[in-house]
Amino acid sequence: MRIFDPHIHMTSRTTDDYERMAAAGVRAVVEPAFWLGQPRTSAASFTDYFDSLIGWEPFRAGQFGVRHFATIALNPKEANDPRCRPVLDLLPRYLDKDAVVAVGEIGYDSMTPEEDEAFAAQLALAVAYELPALVHTPHRDKARGCERTLAVVAESGIDAGRVVVDHLNEVTVKLVRDSGCWLGFSIYPDTKMTPQRMVELLRAYGTERMLVNSAADWGRSDPLLTRATGEAMLLAGFSDDDVDKVLWRNPVEFYGQSGRLDLSDLDVAAAVDPQTGNSILRGGS
């Protein structure tokens, strides 16, 4: 089983996670820029964070044979903080980078006017840079959040087929499917989806435009729940081809629209530093 996790926050995970993921069949990941839990107090802290997403983290992932890509944005929660708003002016510097395959996470947290403005501005950047967009839906009042999200997407002029609306559930799936956007589902303990619920949605709605991710981060989460979903699909009677479509070909198709998805040479073995025995080779001289 080959797996492409299209939404996972590896900055919050350990090297043991990379090792377990590689053993489970995870060969590529996309890490969206997101809220780190602690409020950031200036745009400069985002510069360091973005630099890590396109520099250190791909290097760290590569030691375990995992290809790492990123999406870059001002996340919805921090769009409400005036100290963070200058981040919008930093984004063009990063959206030109080869490892950046979309603008994201953007969208709504509390559905404020500030979030409206940041969302629209970043969809405009996605259009300008010919990148897909990864959209976060709010944890509360999800149906209204999705309706508002889809209205802003339609107003932006971006092709719906270049947008994935993430963190969906049984309440929002049909709304997003009918919009023409891609559908993202986070298999995440307690607060989002389970493998079994995901299987039922795949039975009801099919495998087209469906993206399954772990959204693993600093919270109680599991980077192997993509694998668990594939196994649940097989137990439910889905074919190996169905599993490959959902867990590999769909994310490749969606992020491939960026023109930057280099998946060559994925079978290179993980490296060990011969001087230290450390499984993380050290960059620099």
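The text below covers the chain as a whole and then helix H9.

This is a predicted model. The protein chain contains 10 helices and eight strands. For 285 residues, a compact globule would have a radius of gyration near 19 Å, and the 18 Å found for the protein chain agrees with this. Whole-chain values are collected here.

| Property of the protein chain | Value |
|---|---|
| Box filled by the C-alpha atoms, along the principal axes | roughly 55 × 50 × 35 Å |
| Accessible surface | about 11700 Å² |
| Distance between the mean positions of positive and negative charges | 2 Å |

Carbon and sulfur atoms account for 50% of the accessible surface. The charges counted are 29 positive and 42 negative. Of the 285 residues, 54% are buried. Among contacts between residues at least 6 apart in sequence, 74% join residues at least 24 apart.

Helix H9 spans residues 225–235, and its buried residues are Leu225, Thr226, Thr229, Gly230, Ala232 and Met233. Viewed down the axis of H9, these buried residues fall within an arc of 160°, so they line one face of the helix. An α-helix has 3.6 residues a turn, so residues three or four places apart point the same way.

Definitions and conventions
Residues are numbered from 1 along each chain as its sequence is written. This is a predicted model: local features need pLDDT of at least 70, side-chain atom pairs count only at pLDDT 80 or more; totals for chains, interfaces and linings use all residues. Side-chain values use heavy atoms; hydrogens and water are left out. Helices (H or I, at least four residues) and strands (E, at least two) are DSSP runs, numbered from the N terminus. The radius of gyration is taken over C-alpha atoms; the globule rule is 2.2 Å times the number of residues to the power 0.38. Buried means under 20% relative accessible area, exposed over 50%, partly exposed in between (1.4 Å probe, protein chains only). Contact means heavy atoms within 4.5 Å. Accessible areas come from the Shrake-Rupley method with a 1.4 Å probe; for residues, only the protein chains shown count as cover. Lys and Arg count as positive and Asp and Glu as negative; His and the chain ends are not counted. The place of a charge is taken as NZ of Lys, CZ of Arg, CG of Asp or CD of Glu. The arc is that of the directions from the helix axis to the C-beta atoms.
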